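The sequence and the structure are shown first.

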Amino acid sequence: MFFDRYGYHGTSFEQSYRCYPVSFIEKPQIESGDKIIMPPSALDRLASLHIDYPMLFELRNDAAERASHCGVLEFIAEEGMIYMPYWMMENLLLQEGDIVRVKNVTLPKGTYVKLQPHTKDFLDISNPKAILETTLRNYSCLTTGDSIMVAYNNKKYYIDIIETKPSNAISIIETDCEVDFASPLDYKEPERPAVPTSSKAQSQVEEASAETEPKFSAFTGTGRRLDGKPLKQQPPPVSWSGTKDKEPAVSNRNNRQPSSGASSQSSARQAQGKLVFGSNVNRSKEKKQEPGKQAKQEQPEKKEDPKFQPFTGRKYSLKG
C-alpha cells in the first residue's frame, strides 16, 4: 500500500475537500438526487484503482461525527472543491466551505426500506408511491438516518429514512426494493367524540327502569286453615298501594270506635275564631243536623263494599 502526492493509497480512494452547494454552478436539477460533482484529479486516481462500479462514496463530517453516502455525476469541479445538494449538506451539518472527507465504498443491494414523511401533505398526492419511485431513480444509495427531498408540483417534501436492509447503507441501482411507509411526523389520531348525556335522557332511563321493576303487593295470596277445612268465605283480593289503601282502613276504624270518631269529626267541624266550652255544644250541634243531611252522609257509607281487613279472623291454637 502506498500514498501519492494527492493523499490516495493503492486500494481505495480517500480525500478531503471543501464543500459547496450546487447552486454555485447553476445546476438546480442536481438537488433532486444524491449525486455530487468532483474535480478531474479524482477521476484520474479512481481510474487507476480497482474499484467497483457504479462509483459510490462515503461522505463524513468529522467535526459533527455525521456520515452519509452518495454517487458522483461529473468531474468538473475546481481542485480541492466538491459540489453537493443542499439537503445533503443539511444532513451532514455542513456549511459553505467546510471540510468533508470523501471515501469510495461498496454497498450491498437494498431489499427493504422504510420511509416516514415529515408532513401528511405528502399523502395527499394522488399517487405518492409512483412519485417516490420516479424520484428515487435519481438516487444511487440510501442511508439510515438521512432525510431525502422529493420535489413535486413546485413543492418540496422531506422524507426520513427510518430503516434499510440488509445494512444501514444500501445501493438502490438496478434492484427490487420493498418500500414501506410510516405515519407522518405531524400525524395525530382523531379523537373519539364523547357522547353527551343530558339530564332528560337520564331521567327517561330512570323512569323506564322504574316501570320495569315489579311493584310489591301485600297479602295478595289465598288464606288456608290450619285444620285443613275449606274456608266458608273467600275474601276478595285487595292491592295495597299508596294512600288510597290507607283511607278504607281509617274509615273502618272509625266504625268500630264511634266515640273517638265523632269527637274528631265534631272538632273538625268547629268554626275557626269561636270558643267552644264543654261537650254540650257538640251535642247540640249534632241534634240540630237535619235528617236529610244525615241520610245523605249515610248513603255513601252504605254503598261502600266491605274491605279486606288483615288479621281480623279467629285465632286457633296449634295444640288443638
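## A buried lysine in a loop

In this predicted model, Lys27 counts as buried, because its relative accessibility is 18% and the cut-off for a buried residue is under 20%. Its place in the chain is the loop that runs between strand β1 (14-21) and strand β2 (35-37). When neighbours within four places in sequence are left aside, the residues in contact with Lys27 are Val22, Ile37, Glu74 and Ile76.

## A four-stranded open sheet

Four strands form an open sheet in the order β9-β10-β7-β12, and the pairing within this sheet is mixed. The edge positions are taken by β9 (147-152) and β12 (178-181), each of which has a single partner strand, so that one side of each is left without a neighbour in the sheet. From one strand to the next, the twist averages 35°.

Within the sheet, strand β7 (residues 112-117) and strand β10 (residues 155-165) run antiparallel and are joined by six bridges. Val113 has Thr164 as its bridge partner in β10. In general terms, the strands of a sheet pair through backbone hydrogen bonds, in either a parallel or an antiparallel manner.

## The helix across the sheet

Helix α3 (residues 128-136) lies across β7, β9, β10 and β12, and its direction is at about 110° to that of β9. The buried residues of this helix are Pro128, Ile131, Leu132, Thr135 and Leu136. These residues cover an arc of only 130° around the helix axis, which means that they lie on the same side of α3. The elements against which the buried residues of α3 pack are β7, β8 (141-143), β9, β10 and β12.

## Cysteines without disulfides

How many disulfides does the structure hold? The number is zero, and Cys70 is accordingly in no disulfide, with the nearest cysteine sulfur, that of Cys141, 6.4 Å away.

Is Cys70 buried or exposed? Cys70 counts as buried, since its relative accessibility is 0%. Cys177, by contrast, is partly exposed, with a relative accessible area of 26%.

Note on methods. Residues are numbered from 1 along each chain as its sequence is written. This is a predicted model: local features need pLDDT of at least 70, side-chain atom pairs count only at pLDDT 80 or more; totals for chains, interfaces and linings use all residues. Side-chain values use heavy atoms; hydrogens and water are left out. A disulfide is a pair of cysteine sulfur atoms within 2.5 Å. Buried means under 20% relative accessible area, exposed over 50%, partly exposed in between (1.4 Å probe, protein chains only). Two strands pair if DSSP finds at least two bridges between them. Helices (H or I, at least four residues) and strands (E, at least two) are DSSP runs, numbered from the N terminus. Axes are lines fitted to C-alpha atoms, for helices over the stretch in contact, and angles run from 0 to 180 degrees between N-to-C directions. Contact means heavy atoms within 4.5 Å. The arc is that of the directions from the helix axis to the C-beta atoms.
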